[in-house]
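Thanks for asking me to look at this one with you.

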Amino acid sequence: MKARALVALNVRQIRINRGISQEKLAYEAGIDRSYLASLERQSKNPTIDILDRIAETLGVHVSELVVLPSKRAKAAKTLSKGRKRVSL
């Protein structure tokens, strides 16, 4: 899995599992919500500083954003409004 896809998957997975909206995560991390959405869609490459801020806001070590998910990892909860479930 490419690094950009891995970061996108992990940020979204952790965010959803913690019940945090993109808007809230972006605000608390001091980044634009549209940038966070682009990161989760794999259309932006975050800097290390951005990853640090996102990880700190999510309460995880930055390495958690680049680790391969295990096959036993919990799948994200289904999002409201008919959005897709994140698969591992």
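Predicted model: local features only at pLDDT ≥ 70, side-chain atom pairs only at ≥ 80, totals over all residues.

1. Let's begin with the inside of H2, which spans residues 22–29. Its buried residues are Gln22, Leu25, Ala26 and Ala29. They cover an arc of only 95° around the axis, which means that they sit on the same side of H2. There is a simple background to such a pattern: an α-helix has 3.6 residues a turn, so residues three or four places apart point the same way.

2. On the face of H2 turned away from the buried side you will find Glu23 and Tyr27, which are exposed.

3. What covers the buried residues of H2? The cover includes three helices: H1 (3–17), H3 (33–40) and H4 (48–58).

4. The pairing with H4 deserves a look of its own. The axes of H2 and H4 lie 9 Å apart, and the two helices pack at an angle of about 115°, which makes H2 roughly perpendicular to H4. The crossing of H2 past H4 is right-handed.

5. Which residues meet there, in H2 and in H4? From H2 come Leu25, Glu28 and Ala29, and from H4 come Arg53, Ile54, Thr57 and Leu58. The residues of this contact divide into four nonpolar, one polar and two charged.

6. Finally, follow the chain just past the end of H2: Gly30 has a positive phi there, about 75°.

Definitions and conventions
Residues numbered from 1 in each chain as written. Heavy atoms only, no water. Buried < 20%, exposed > 50% of the residue type's maximum accessible area, 1.4 Å probe, protein only. Helix = DSSP H or I, 4+ residues; strand = E, 2+ residues; numbered from the N terminus. Arc of directions from axis to C-beta. Contact = heavy atoms within 4.5 Å. Axes fitted to C-alpha atoms, helices over the stretch in contact; angles between N-to-C directions. Parallel < 35°, antiparallel > 145°, perpendicular 65-115°, else oblique. Left-handed = near helix turned anticlockwise from the far one by under 90°. Nonpolar A, V, L, I, M, F, W, Y, C, P; charged D, E, K, R; others polar.
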